[in-house]
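Subject: Structure handover

Hi,

Here is the structure you are taking over. My notes on it follow below.

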Amino acid sequence: QVQLVESGGGLVKVGGSLKVSCVASGFIFRTYGMGWFRQAPGKEREFVAGITWDGGYTQYADAVKGRFTISRDNSENSLYLQMTGLKPEDTGVYYCARTVSTFATRGRDYDYWGQGTQVTVSS
């Protein structure tokens with residue numbers, strides 16, 4: 001069955017960096033677009049970054065542009081999100097997800113989700 005398992009979250013100070021990872025199994029990872037979303041307490045889930053199956057195209061939410069980098073290693077069935085210049089508003093649970101489209105920014109276009117990893121940025 002399809003599984004997405006995130007890891008790498010934690011507590012980091014303002015201005016710090018963190019890299020979260022997602023390992024995929026149960027499907028042919030290299031043929032799917034992938035994305036990262038996050039959800040802060042009391043807020044709706046929001047798109048953070050997306051990447052096409054081959055990594056040839058990426059897109060970021062305005063709030064993270066220039067600070068976050070999405071990447072993937074198809075040989076390792078892995079998706080990554082490198083986060084730098086972290087701010088308190090980046091705090092939340094980060095989810096990786098698989099899209100049925102080539103690329104997507106809407107949550108409804110994603111069909112499988114991981115369990116999430118907590119990122120907390122302290123001021």
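Thr52 counts as buried, at 7% relative accessibility. Buried means under 20% relative accessible area, exposed over 50%, and partly exposed in between (1.4 Å probe, protein chains only). Before the rest, the ground rules. This is a predicted model: local features need pLDDT of at least 70, side-chain atom pairs count only at pLDDT 80 or more, and totals for chains, interfaces and linings use all residues. Residues are numbered from 1 along each chain as its sequence is written, and side-chain values use heavy atoms, with hydrogens and water left out.

Back to Thr52. This residue sits in the loop between β5 (46–51) and β6 (58–60). Helices (H or I, at least four residues) and strands (E, at least two) are DSSP runs, numbered from the N terminus. A polar atom of the Thr52 side chain lies 3.3 Å from the backbone nitrogen of Gly56. That is a polar contact: a pair of N or O atoms within 3.5 Å, where, within protein, one must be able to donate a hydrogen and the other to accept it, and residues adjacent in sequence count only if both atoms are side-chain atoms. Not counting residues up to four places away in sequence, Thr52 touches Gly33, Tyr57, Arg72, Thr102 and Phe103. Contact here means heavy atoms within 4.5 Å.

The whole chain

The protein chain has zero helices and 11 strands. From the N terminus on, the elements run β-β-β-β-β-β-β-β-β-β-β. The radius of gyration is 13 Å, close to the 14 Å that the globule rule gives for 123 residues, so the chain is as compact as a globular protein of that length. That radius is taken over C-alpha atoms, and the rule is 2.2 Å times the number of residues to the power 0.38. Along the principal axes, the C-alpha atoms fill a box of roughly 40 × 25 × 25 Å.

Buried residues make up 46% of the 123 residues. Among contacts between residues at least 6 apart in sequence, 57% join residues at least 24 apart. The accessible surface comes to about 6200 Å², and 47% of it belongs to carbon and sulfur atoms. The mean positions of the 13 positive and 11 negative charges are 2 Å apart. Lys and Arg count as positive, Asp and Glu as negative; His and the chain ends are not counted.

Two strand residues

Thr117 is in strand β11 (residues 117–122). Thr117 is buried, with a relative accessible area of 10%. The side chain of Thr117 reaches the backbone nitrogen of Gly9 at 3.1 Å. Leaving out residues up to four places away in sequence, Thr117 touches Glu6, Ser7, Gly8, Gly9, Val20, Gly92, Val93 and Tyr94. Gly92 is 25 residues from Thr117 along the chain, and their C-alpha atoms are separated by 8.4 Å.

Lys19 is in strand β3 (residues 18–25). Lys19 is partly exposed, at a relative accessible area of 42%. Its contacts, apart from neighbours within four places in sequence, are Gly8, Tyr80, Leu81 and Gln82. The C-alpha atoms of Lys19 and Met83 are separated by 5.9 Å, although the two are 64 residues apart along the chain.

Which residue has a positive phi although it is not a glycine? Asn77 does, at about 50°. Asn77 is in the loop between β7 (68–73) and β8 (78–83). Asn77 is partly exposed, with a relative accessible area of 28%.

Best wishes

Notes
Areas by Shrake-Rupley, 256 points an atom, 1.4 Å probe, with all protein chains shown as cover. Charge placed at Lys NZ, Arg CZ, Asp CG, Glu CD.
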